[in-house]
Amino acid sequence: VQASLTGHLVLSTLHTNDAPSALTRLLDLGVPNYLIQSTLTGIVAQRLVRTLCQHCKVETSVDQRSWEAMTHPWPLPLPEHSFGPKGCLECRKTGFLGRTGIYEMLRISPALRALIQPDMNLAKVGEVALAEGMRPLRVSAANQVARGVTTLKEVMHVLPPIE
């Protein structure tokens, strides 16, 4: 925070379930809210998911109930095609080869800056962030499944639970 106050770009890591939760984590660590307001420009939450092997992935159907459970409350259309792991020599019979990220980016706007208070309502922060265009981890994950990069089961394994 002190380095950021002097004009430096500081990148750091925190362990939270989503981007808005990083604000409460900083408060829990003892950073005063006025310093968070003046130094923070954005927060990125990320999860890594295994990517399907391009040599052996097979087309599968998407279970509508599982899709809706993952994308709730965002009404994303069920993808026409989905892929699953098969296993070959390239991926050592796992069906997966490499990893890719799913992301959630929270830009600290003036409206969000005003909400950063010691007794902040995290649900309200999330609502404002979504209204300002934050794309949640679940939407990013759904896009990776729809593109055939990974599986529904894989993203459900790494996503935080819905509260």
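The structure is a predicted model.

In soluble globular proteins, nonpolar side chains tend to be buried together. Here, the largest nonpolar core comprises 33 residues. Within this core, L23, I36, I43, M70 and L106 have the most contacts. Both helices and strands contribute. The helices that give two or more residues to the core are α2 (21-28), α3 (33-39), α4, α6 (122-131), α7 and α8 (152-158). The strands that do so are β1 (42-52) and β4 (96-107).

The surroundings of L106 were examined in detail. Residues up to four places away in sequence were set aside.

Helices α4 (residues 64-71) and α7 (residues 137-146) pack against each other. Their axes come within 9 Å and cross at roughly 145°. From α4, the contact is made by W67, A69, M70 and T71. From α7, R138, A141, A142 and V145 take part. By class, six of the contact residues are nonpolar, one is polar and one is charged.

Aromatic rings were considered next. A pair of aromatic rings is described by the distance of the centres and the angle of the planes. A search of the whole structure found zero such pairs. R50 lies over F96, at 3.9 Å from the ring centre. K57 lies over F83, at 4.6 Å from the ring centre.

Backbone geometry was examined last. Most residues other than glycine have a negative phi, and most peptide bonds are trans. The peptide bond from H72 to P73 is cis, with omega near 5°. P73 is found in the loop between α4 and β3 (82-84). Two residues other than glycine have a positive phi: R92, near 60°, and K93, near 65°. R92 lies in the loop between β3 and β4, and K93 is placed in the loop between β3 and β4 as well. R92 counts as exposed because its relative accessibility is 73%, above the 50% cut-off. K93 has a relative accessibility of 59% and therefore also counts as exposed.

Notes. Residues are numbered from 1 along each chain as its sequence is written. This is a predicted model: local features need pLDDT of at least 70, side-chain atom pairs count only at pLDDT 80 or more; totals for chains, interfaces and linings use all residues. Side-chain values use heavy atoms; hydrogens and water are left out. Rings of Phe, Tyr and Trp (its six-membered ring) pair if their centres lie within 6.5 Å; planes under 30 degrees apart count as stacked, over 60 as edge-to-face and the rest as tilted. A charge sits over a ring if NZ of Lys or CZ of Arg is within 6 Å of the ring centre and within 35 degrees of the ring normal. Axes are lines fitted to C-alpha atoms, for helices over the stretch in contact, and angles run from 0 to 180 degrees between N-to-C directions. Helices (H or I, at least four residues) and strands (E, at least two) are DSSP runs, numbered from the N terminus. Contact means heavy atoms within 4.5 Å. Ala, Val, Leu, Ile, Met, Phe, Trp, Tyr, Cys and Pro count as nonpolar, Asp, Glu, Lys and Arg as charged, and the others, Gly among them, as polar. A nonpolar core is a set of buried Ala, Val, Leu, Ile, Met, Phe, Trp, Tyr and Cys residues joined through side-chain atoms within 4.5 Å. Buried means under 20% relative accessible area, exposed over 50%, partly exposed in between (1.4 Å probe, protein chains only).
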